[in-house]
Amino acid sequence: MNDTLYGTRDKRGYWTPDRRPKRAPIFIWPAQPKAILLWLFGYLKYNFAFVAISLVAWVYLTPSVEAMREFGVGWVSLILLRNAALALLVYGGWHALLYIRRRQQADFKYNAKWPDTNSSTFLFGSQTAENVFWTMCSGVPVWTGYEAFTWWMFANGYIPYVEFRAHPVYLIALLSLLPVWHQLHFYVIHRLIHMGPLYRVIHKVHHNNVNPGPWSGLSMHTFEHIIYFSSVLIHLLVPSNPMLAIFQLMLSALSPADGHLGFDRIVTAKEKHIDTNNYYHYLHHRYFEVNYGSSLTIPLDEWFGTAHDGSQEADEAMYKRIKARKYARGLSH
Ligand SMILES: [Zn+2]
Ligand SMILES: [Zn+2]
């Protein structure tokens, strides 16, 4: 596979795709109906995978609602085990494929280097070991805590339990908007934890990964996990159904795996590959002060002047912005 047909690798080993991240067609005027339909199809297809996982988890791998009326070690442990297994499967699966088997070597990899295995930056001296630690020992328990709490609220009728049979249109409309809520919530908390002490104490753990791999996705400080998974609390405010809340959590818990692959394209067969849509967030890991949104689905970064598409012009604009901020800070002292 020749990745030079799709981008360029510079002398330092950084690979830049020719195709730049673009805002979703729903935010482009004049409207392009065909592009909007294609985009909508992609949006639904991607999120359908998480709907399917949520349904299977609910039907086959969740204790009965009656059992969840009272907190108990038994049922909470079952959910913890299920979530740990899912995390191992999804994060471990991507990692095994791309970083252990190295199925496509460094083709389409943004950074030609492999994760550090001998660095004092990381716990246990290894990026992957640190990433697995934060994901499994903090991410999965916090995710499970939110899930158990949400189930307990629904099971006891403390929040409205809207039945699919009674309000299918409402629930499907709400379900299809949840990924948008996920992105909005992420943008707000992400900007917050980039501020001074919050960054140094909390968010730095995630940013240790300047060369991210799948396990970096949920490699966050416990406080970040607590605010990151809090997007599910919307189901306490908006009448909903447990299936939708589980979907919200699955999306938060598992989508960072494919959001941090470190590869622009996954080779599926000879000369065939699929776009991972990773570049936008990869640039956040590389440059820190750009692309706070997880993607350009909602062009928040463009509206607030923090978007970076990997081009030289975007680079220059970023340095200008940083310089102006430093200058303004200097004046205020
Ligand atoms: Zn990240
Ligand atoms: Zn960040």
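**Entry 1: zinc ion (ligand 1)**

I began with the geometry of the zinc ion (ligand 1), and its site is irregular, with angles of 93 to 152 degrees among the 4 donor atoms. I note here that the model is predicted.

Next I listed the protein donors: H206, H260, H281 and H285, each through NE2. They lie 2.0 to 2.1 Å from the zinc ion (ligand 1). Their spacing in sequence reads H-x53-H-x20-H-x3-H. I then placed two of them. H260 sits in the loop between α8 (242-259) and β3 (265-269), and H285 sits in helix α9, so this pair ties together parts 25 residues apart in sequence.

Are H260 and H285 buried or exposed? H260 has 7% relative accessibility and counts as buried. H285 is at 0% and counts as buried.

**Entry 2: zinc ion (ligand 2)**

I turned to the zinc ion (ligand 2). Its protein donors are the NE2 atoms of H190, H194, H203, H207 and H284, at 2.1 to 2.2 Å. I wrote down the spacing as H-x3-H-x8-H-x3-H-x76-H. H194 is in the loop between α4 (168-192) and α5 (196-207), while H284 belongs to helix α9 (residues 279-287), so the two tie together parts 90 residues apart in sequence.

I checked burial again. H194 has 13% relative accessibility, under the 20% limit, so it counts as buried. H284 shows 0% and is buried.

**Entry 3: helix α4**

I looked at α4 for its length. Its 25 residues, at 1.5 Å a residue, should span 36 Å, and the end C-alpha atoms are 36 Å apart, which agrees. I also looked for a bend. A kink of about 35 degrees lies at L178, shortly before the proline P179.

Both L178 and P179 are buried. The buried residues of α4 also include L171, L174, L175, H182, F186 and H190. I kept one rule in mind: an α-helix has 3.6 residues a turn, so residues three or four places apart point the same way.

**Entry 4: cavities**

How many cavities of 30 Å³ or more does a search of the whole structure find? I found 2.

I listed its lining: H95, Y99, P115, Q127, T128, N131, G213, P214, W215 and S216. The elements giving two or more residues to this lining are α2 (73-100) and α3 (127-155). α3 gives the most, with 3 residues.

How values were computed
Residues numbered from 1 in each chain as written. Chains lettered and ligands numbered in written order. Predicted model: local features only at pLDDT ≥ 70, side-chain atom pairs only at ≥ 80, totals over all residues. Heavy atoms only, no water. Donors = N, O, S within 2.8 Å, 3.2 Å for Na, K, Ca; no water. Helix = DSSP H or I, 4+ residues; strand = E, 2+ residues; numbered from the N terminus. Buried < 20%, exposed > 50% of the residue type's maximum accessible area, 1.4 Å probe, protein only. Expected span 1.5 Å × (residues − 1). Bend = angle between axes of the 7 residues up to and from the residue. Tetrahedral: all angles 85-135°; square planar, octahedral: opposite > 155°, others 65-115°. 1 Å grid on protein atoms, 1.4 Å probe; cavity = no way out; pocket = protein on both sides within 12 Å on 5 of 7 lines; lining within 4 Å. Points joined across faces, edges and corners; volume = space filled by probe spheres on them.
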